[in-house]
Amino acid sequence: MSIVEKITSFDPKTYMIFIGVFAALGGIDTFVNAESWAESAWGTEMSAESKNIAETYEKIWGLFVLPLAGLCITAALVLDEKNRAVMAYYSGLVMLAFFVVFFSVMQTLDYESPSLPFILFPVVILGLLIYSGYSHKDN
């Protein structure tokens, strides 16, 4: 089966690996570019101590995402088809709930929330993951 067929048939394994790779790249980017992420979120007008705290926060956030990415890829590779579909469905729901709460809480803080396209991309790919799990749960 080609990659296009796997994507269009909503193969949970393909979607889990894609999300795992995307999350790993995002985590690495956040860790490596912590200074620019901190500036975009907190602004440039801050004390050296506050800047250090903001950069440390961003680095920790980037590192935090890496094991989750690894878990997503590992589950895609080691689970059988039925359990992979169940995992895709429920982990997608949990991650989607996390993002909704996360972005909602960010609106109440001084943290500069990402733009709408940045927020929509994870929501869309998590929606596709949830659908892939749901559509293959009976296989």
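Predicted model: local features only at pLDDT ≥ 70, side-chain atom pairs only at ≥ 80, totals over all residues.
Residues are numbered from 1 along each chain as its sequence is written, and side-chain values use heavy atoms, with hydrogens and water left out.

**Stop 1: the surface patch**

Select I28, F31, V32 and L63. Together they form a nonpolar patch on the surface with about 360 Å² of accessible area. Areas here come from the Shrake-Rupley method with a 1.4 Å probe, and for residues only the protein chains shown count as cover. A patch like this joins nonpolar side chains (Val, Leu, Ile, Met, Phe, Trp, Tyr) within 5 Å, and like charges within 9 Å, using residues with over 30% relative accessible area and no salt bridge. A salt bridge is a side-chain nitrogen of Lys or Arg within 4 Å of a carboxyl oxygen of Asp or Glu.

Helix 2 (residues 12–32) gives the largest share of the patch, three residues. Helices are DSSP runs (H or I, at least four residues), numbered from the N terminus.

Now click on V32, which is in helix 2. Is V32 buried or exposed? It counts as exposed, because its relative accessibility is 59%; the cut-offs are under 20% for buried, over 50% for exposed, and partly exposed in between (1.4 Å probe, protein chains only).

**Stop 2: pairs of rings**

Rings of Phe, Tyr and Trp (its six-membered ring) pair if their centres lie within 6.5 Å; planes under 30 degrees apart are stacked, over 60 edge-to-face, and the rest tilted. By this rule there are 13 aromatic pairs. Select F22 and F121: their centres are 4.8 Å apart and their planes at 65°, so this pair is edge-to-face. F22 lies in helix 2 and F121 in helix 6 (residues 116–136), so the pair ties together parts 99 residues apart in sequence.

Next, select W61 and F64, a stacked pair with 5.5 Å between centres and 25° between planes. Ring pairs link W61, F64, F98, F99, F102 and F103 into a cluster.

**Last stop**

Finish at Y134, where K137 lies over the ring face at 4.6 Å from the centre.

Methods:
Helix = DSSP H or I, 4+ residues; strand = E, 2+ residues; numbered from the N terminus. Lys NZ or Arg CZ within 6 Å of the ring centre and 35° of its normal.
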